[in-house]
Structure formats: structure tokens, C-alpha cells
Amino acid sequence: MLLLLPAALPMAARAQRRETPLAEPRPSMDQPRRIVVSLSEREPERAHAVFSNLINIQAFYGQDLVEILLVAYGPGVRHLIAAESQVAERVASLQAYDVGFVACGATLDSLGLGPEALLPGVEVVQNGLPEIVERTLMGWVHLRP
């Protein structure tokens, strides 16, 4: 029994988590962290994985200290089309927690669809990738989980 105890100690030490330090300026209600997230894949499993990341980010910072915007483009737009979405309930749930959703207008044009085809509350921008570029230049952090 005594031989097993020392072997267990390194495992216990590895299980400890260190606190993530926050950079200055720390997030506040007036200056929340702003994060734009890309979604360009069509598979529902991929969308669910990205959505789980959004929940984790919001849980870390707190809903009032982070602004999250998901930009869907290419095949990822299909998750936001009402007639096709297999993740509509998750989108609505995230919207209830102030996560924003934007669809690429160029992708919608290529599909012959307009904004009315989207899930409620989803906004349309002219083009998804430039939206990400411009938000990044405005200080948003771009994540592609």
C-alpha cells in the first residue's frame, strides 16, 4: 500500500488546474472581451462542437463580460437556414444568452436565398470573411475552434 501512495501523487498534481490570468485591461461591462467565431463546415457535429466552445467561453468570462458573434459562411451557413438547420434549438438557446449569429450574404446569394430563409434573429452581412477581418481590425479576437 505504501508503494502506491507515491505513484498517486504525480497524478493528483497533474489534475490540478491553474487559473488563467486575465490580461489588462480586464474585461468589464463597459469593455467586454469581443470574440468573433468562424463556422464554415456543414456537419452538425462540427456546429455542436463550436457551440460548446461558445458556452465554455461565456462561462469563463461571464455573460456580461464577453460579446460573442458567430459568423457562418460557405457550407456553415446551412446551420442558420430555417428549412435545413439541424441545430436550430441550440442556435435559439445561445441567442437567449446574447450570442449573436451572422450569415454571409454572398453565400446566401449563391444559394438563391434571402434573409427570410434564416432562423429568427440571424443577421446578414455582405460577406462573412471581410466581416471577420474588419471585426479583427476593430479589436475583436478571431477564433476558429
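Contact here means heavy atoms within 4.5 Å of each other. With that cut-off, and skipping residues up to four places away in sequence, L54 touches V37, I68, L70, L94 and V99. All of this comes from a predicted model, in which local features need pLDDT of at least 70 and side-chain atom pairs count only at pLDDT 80 or more, while totals for chains, interfaces and linings use all residues. Residues are numbered from 1 along each chain as its sequence is written, and side-chain values use heavy atoms, with hydrogens and water left out.

L54 also turns up in the largest nonpolar core, a set of 34 residues where F51, L54, L70, L80 and F101 have the most contacts inside it. A nonpolar core, for the record, is a set of buried Ala, Val, Leu, Ile, Met, Phe, Trp, Tyr and Cys residues joined through side-chain atoms within 4.5 Å. Buried stands for under 20% relative accessible area, exposed for over 50%, and partly exposed for anything in between (1.4 Å probe, protein chains only). Two or more residues of this core come from each of β1 (33-39), α2 (44-61), β2 (66-72), α3 (88-96) and β3 (100-104). The largest share, six residues, belongs to β2. Helices (H or I, at least four residues) and strands (E, at least two) are DSSP runs, numbered from the N terminus.

Helix α2 also holds Q58. Leaving aside neighbours within four places in sequence, Q58 is in contact with Q63, V66, I68, Y97 and V99.Over in strand β3 sits C104, which is buried with a relative accessible area of 4%. Its contacts, again not counting residues up to four places away in sequence, are A72, Y73, V77, V125, N127 and G128. One of these, V125, is 21 residues from C104 in sequence, yet the two are 5.5 Å apart in space, C-alpha to C-alpha.

E24 and P25 are joined by a cis peptide bond, with omega at about -5°. P25 is placed in the loop between α1 (4-15) and β1. The other case is D98, where phi is near 70°, a positive value in a residue other than glycine. D98 belongs to the loop between α3 and β3, and at 55% relative accessibility D98 counts as exposed.
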